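Hi,

Here is the structure I promised to hand over. Please look through it before you read my notes.

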Amino acid sequence: MKLYCLSGHPTLPCNVLKFKSTTIMLDCGLDTTSVLNFLPLPLVHSPRLSKLPGWVSKDGTINLEKELKECAGRVFVDAQPEFCLPERELLDLSTIDVILISNYHCMMALPYITEHTGFTGTVYATEPTLQIGRLLMEELVNFMERVPKAQSATSWKNKEIQRMLPGPLKDAVDVWMWKRCYSMQEVNSALSKVQLVGYSQKVELFGAVQVSPLSSGYSLGSSNWIIQSHHEKVSYVSGSSLLTTHPQPMDQSSLKNSDVLILTGLTQMPTANPDGMLGEFCSNLAMTIRAGGNVLVPCYSSGVIYDLLECLYQFIESANLGTTPFYFISPIANSSLEFSQIFAEWLCHNKQTKVYLPEPPFPHAELIQTNKLKHYPSIHGDFSSEFRQPCVVFTGHPSLRFGDVVHFMELWGKSSLNTIIFTEPDFSYLDALAPYQPLAMKCVYCPIDTRLNFHQVSKLLKEVQPLHVVCPEQYTQPPLTQSHRSDLMLELQPPPMPYRRCSVLNLPFRRRYERIYILPELANSLVPSEIKPGVSVATVSALLHSKDNKHTLQSVPKPPPMPPSKKRKRVIEEPPVALAPKPMLSGAVALEAFLATLQKHGITEVKVEETADGHILHLQAEDTLIQLEEDGTHIVCDSEPLRTTLRDLVLRFLQKL
Amino acid sequence: MDRECVSLLPRVCEVLAASGSSLPDDTILEKLLDWFTALTEAGESLLEACPCLLEFISAVIHDTASAPGVLSFTLRHFIEPLLQLQTDTSLFVASAANQMLSHVLLFCQPVSSIGCNGTNKKEDEQNTSVSKAVVENPAEPMEINQDCTAVVDAISEYLKRALGVPKGSAQLHQCQQTLRLLALLLGQTKPPLHDKLLQTVTASLEEMVAADCSELTLPLMDVILAACSRVPDQRITRLLTFMLNVRKPADLVHAAAAFLRGGHHDRVHTAQSVRLLLLPLDIISGQNRLGTNTAGDMHRFAMTEQLKSKTSCISMTSVCLTNIPQIAHMDPDCLPCAPDLIVSGILSLLRICSGDSSSSAAGCSEVFRNVIGSGKVQKCALEALTAVSNSPGANGKLTDVLTLLIQYLDDPDSDPTVLHKSYQALVKWMSVCTDVSFITDQLRHDLVQVVKKRACDMRWEVRDSTMEFLGHLGAMRVCRAPAEQACDASEALLGGCCCTTPLLREALQDPESYVRASAIKALAQTVMHSWQEGAAPTQEQTEIVTRLLEILSQDTEGFARRAVVKFFIAWFSSHTSHTPPSSPASPSCSLLMQSVRSVLSRGCADLDWEVKVHTLELAELLLDKAFLGHGSYTKGSDARPAQPHAYAVMPDRAYTLHTHGDTRAQDAESDLVDVLKSLVEQGVISALLSGLVDCDRPVALKACRLLITLRVTVCPASQGDPDVSDATATVARVSCELPRAGWAQEIRKILGVRTEANAERDLNALNATSFEDHSEEGASAVSHCERVSVCEALGSLGLDDRLEILSRSSDHVHNSPLSLLQDILTASTSHTHSNTQPGQEVIVDCY
């Protein structure tokens, strides 16, 4: 059993598991942090961004004026932003049988895997994962296509040139792997390969293994996966949460008794408690609005935003923010808000019960009804006429490199009354803000990451007790910035197996058993004999039939029937007597008793010699040797009658089957 | 004891003696005993007053057989069962038995200088019954001495037997109980007996101390500390040294804490205990501040190991922190390090608790990870930090402390209690700070930001603490620099009203009433200074006043409304104390007086009795101010001295009694008329009258007292001095309006009734005033018309009678010994009665 690690990003994993003749890809996360090296894509013409000076090396030898621009003291690539893809060279992607998706954040690289690679397999995901994943992909494509940039920048990727560039471009890795965003057509094609599954539904893969998604409590439809054969069980734990937010709670007990547990997607903010961050978010928001400023919340269009809106729903009354408008701007804002309301069966119990009242599960419906929350596909159109300040705007993309957020950064960045509150943990907020500096706007970083923290995961692992744990290497040591915090790492016995990008791990367990079925008629013919209390053994002669990784013992086919005899009425159809196999023997020859028996039969002069495997008996008068070993007995004798006698004596001590 | 009780008591005794275990309500005996105890303490001799008690006692004592639930003891039959009860599984029984034994033993002390003539013993056995034994001092002294020796011997013997290394939980319990008894005995007995006891048990104690049993640490410490409280005994001192040296780390810490609590002055052991208690702090923060000390180093290793376990780490650290206040104020010679190092230690610990990376680098990671994020440790440490604010050398740490506290206030993960304690610590540190000049602008800025943020917190507890904090700062005076004048702390730290007032005003809209109340209180503390000047009221001032009056009339919660009235009390009293009475009314004064009128009228109509009482307090202040200097006015309506309001700066006013000469009488009278008129106008009189007929006793009482004071001041005539009545004729013409409905109906009714009752005198007085003046006002006062003469009303309301009724506690009828005795008798009757009617349960409530 092997694990190929195509991504080193702990929360955007992409691993391939080879298990019992199947090749299973676990998630295909897309690392979008690479976009931070690119200039923002403004929706409205920005004089500032359009007049940036090009970059020329100090000595003038390298001139990349067209590709690289200097902005706020840093150098950015002036081209359509590119993403860092999972490794595509480590193994042939066309050999992948299935892809298991755990949540919509971990499927964004899907088109890069399934398209133009020869992939012919199936993708398994839950319905909310597929639908919201589709929305997020659509949004991404939309963000890119709204601000087309024909130019692509490749010269800077030249190793010799990249070496000369200022940081952080100089330190960017695998830049040749970076790719532009996929098209809508590719998205549709990739998503057409998805087959929907429900929690705990068992999917057979070629009869060899069974895969089954379990609720992971992180987002709508998010799952962990169980991959098991009859005798082996591998658990794949991706983004999971034990907090009471909107999704169905995490199913922990089904993870028990795993041989291997692949652990990814822990919180990226182990020291930031989500509750505290939510409080921080609310108080900073209220503080800004009271002072007459606007609040900008760069966020993904699905996920934590539902919880933020719910929290604000309760908070705006107590903070006297009743009249402040809340805007949610995204090409998929409407669909996201509505989809969340229809996936009732994927929600936590509280929200599910609301559906039967009937009430919408999420209170954002009421915010929309009362006109407190308004959503728009973009800043163009209706929004510009209805826009009223001070207000709170939720919009993407959290990287601040594309999407409507770019416009608000340009619009509000200059006033110290305004505040930008980062809630998504995926991007370093300082890097995200880099092209907008100097910035007067107040910045608040309250990343809300509801995924498991180290304390929770150690408790979980103590409970489910996997034999082996495999995890990204980042989890096996304290964070770089807090090297003394030994509580911020996994401490397990045996220690977890770390992986990094491009690792190939031999998973540390050997398959020892295989299940074989036996047909009833064949089973009926068996004659078991008890070899020790509770254990019976029978010999079987049968035909082993293997198909689709299923093994079945069938009766040996009968020879063709005898030609009918002439005297029909007397014929008794007797089955042909198969050659009776020699009985099998079991047991051991007890030396003392055997010697006594020999003596009874007149053999008295016996010299016993002890060997490594047993004993050699030298019958001196008969000039005969008997070798008694654990798995065999040899009688070396010239006289056949004597040999037969001796053989029968030995057989008395053994059991026949 | 009054006669009635004395007459009832014999019958009650009979009932009790007869009823035995079948007492319907077992709390009555307890109450009876409480009452007896109170009587005895008051110096009455129960036995003299009620000889029947003796009979009763002996009856109960000899009646054990008939009452299985009642356990009674006399001096002979009686030690053994008591000693058994001493280890009873019920905590109440055991502790009562312990108390009893110690009483008995004290009673038996050879030097019999004890004044008590009896001991009461109560015990409660699973709610079934109460038994009591009143041990009386019998008559024969010789007999007693013999008995006493026997008792002492019995107890000593028992102690000797019961003490020992426990095996099993039953024995452990017995040991703990016996140690408790021993501690009690050793703490109270005097030398001969004390020494005898000690001699008896020292060997057993040594054995137990050596056994190193964690559960016995504290009881053992108690015994040892009680033992060495008298004359230091070498063996006991050795035991103490042993307890503080050779035990498990957690036990050591507990022993050391117990030692410090004991308040002993043994330097060696104090130093040792302090070192032990500081050790966990030292280990966690990774700073070797305690210097080198062989014994300490010996413990350091063991304690480090122990601290690696999360639960013991948190509990040990908490014990240490709770003892730090005491340590910090000790003689520096006893301390293993300078006091300011203790402050640094607490600071490091707090930094580690919040996950700060820099300060934990030196410590053992397996240890400090246990306290990261622990709310319990944070709370204890903040309390400790608050307590050490005035320890020597602490002032030098102010910047560090401030930085840390601001960091705590900013931390998103701080829970409301931690934030509250951080605020408290900050206030305390600021209050002892003599010079705030070195607080950097950055710190100030950070604090302002964090306070602004917390004022918008999601949790109301946090918003509430923030408001309280603003109030505390506003009320605190600090010096900006050594030479400069003092200013309030919110000015020095937060930049004054421009920062705090908007926050407080915003909080007036808070949905949580506690927050609104705290904000109002804080406003009173912060804005008062700036409102004292006579300048025209600012728009802000007017808006605040409007909002406060709005809260008073509309808020659904009593807290907020009470706070509003208190706000105006504070404003009014600070205003009066800062402006001489003769000065012309300033514009801000008129705003104040206007609002006071609204407060009086709205406050009196409130449904909350506290709001009404506070409103009357405001009325009282107005009276005080109005009659300042008037001879017959005595400040303070109550018998008790007037209490200064929590946040009012009370002027040191002396009310000297002027003797009015004839020449000045006229002036004084016209003054009085004006004053009374203005009081009517301000609504003070209406407030008092409506208060008088209020259904809440405290309100009515207060109003009644004030009205009596007023009557004494303005209407001496009504007290029946005919000579003065002429002089105050004009005063009597001052009238006040009675509205048609509500309280005024009530007043009218009283006036009507009174007039009939005292028809002649009252009518005469009335006629005199009204005819002389040819005015109809006075005459019409008693009839059903709108206005009533104030003086007449004061005279006719029957204030003195009302005061007498109101002064009695509302439950005076029900909660007297007499009623208790009556209840018992009634209960016994109904109990007997209920026996005849099975199934009918009689619930007796003695309250």
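My notes on domains, interface, backbone and salt bridges follow.

First, the ground rules. This is a predicted model, where local features need pLDDT of at least 70, side-chain atom pairs count only at pLDDT 80 or more, and totals for chains, interfaces and linings use all residues. Residues are numbered from 1 along each chain as its sequence is written, chains are lettered from A and ligands numbered from 1 in the order written, and side-chain values use heavy atoms, with hydrogens and water left out.

Domains

Chain A splits into domain 1 (2-32 + 82-151 + 177-267 + 452-506), domain 2 (274-445) and domain 3 (585-656). These bounds come from an automatic or database domain assignment. Between domain 2 and domain 3 of chain A, the C-alpha centres are 90 Å apart.

UniProt, in an unreviewed entry, lists residues 305-433 of chain A as "domain: Beta-Casp". UniProt positions are in the numbering used here, feature names are shortened, and annotations may be inferred rather than shown by experiment. That span, 305-433 of chain A, is 43% helix and 12% strand, and its end C-alpha atoms lie 21 Å apart. Helices (H or I, at least four residues) and strands (E, at least two) are DSSP runs, numbered from the N terminus.

Interface of chains A and B

Chain A puts 24 residues into the contact and chain B puts in 22. Contact means heavy atoms within 4.5 Å. The buried area is about 1900 Å², with 56% of it from carbon and sulfur atoms. In chain A, the residues that lose the most area to chain B are A:M287, A:R290 and A:H484, together 29% of what that side buries. Buried area is the accessible area (1.4 Å probe) that two parts lose on being put together, summed over both.

The interface holds three salt bridges. A salt bridge needs a side-chain nitrogen of Lys or Arg within 4 Å of a carboxyl oxygen of Asp or Glu. A:R290 forms a salt bridge with B:E506, with the closest N and O atoms 3.7 Å apart.

Which helices of chain A each supply at least two residues of the side that touches chain B? They are α6 (274-290) and α7 (304-318). Helix α6 of chain A gives the most, 11 residues. The side of chain A that touches chain B has seven nonpolar, 11 polar and six charged residues. Here Ala, Val, Leu, Ile, Met, Phe, Trp, Tyr, Cys and Pro count as nonpolar, Asp, Glu, Lys and Arg as charged, and the others, Gly among them, as polar.

Backbone points to check

Most residues other than glycine have a negative phi, and most peptide bonds are trans.

- The A:G167 to A:P168 bond is cis, omega near -5 degrees. A:P168 sits in the loop between α4 (159-164) and β10 (178-180) of chain A.
- The A:Q389 to A:P390 bond is cis, omega near -5 degrees. A:P390 sits in the loop between α11 (382-386) and β20 (392-395) of chain A.
- A:A72 is not a glycine, yet has a positive phi of about 50 degrees. A:A72 lies in the loop between β5 (63-71) and β6 (74-77) of chain A.

Salt bridges overall

Over all chains there are 42 salt bridges. One of them pairs A:K372 with A:E317, the closest N and O atoms being 3.3 Å apart. This pair links distant parts of the chain, 55 residues apart: A:K372 is in the loop between α10 (364-369) and β19 (373-376) of chain A, and A:E317 is in helix α7 of chain A.

Best wishes
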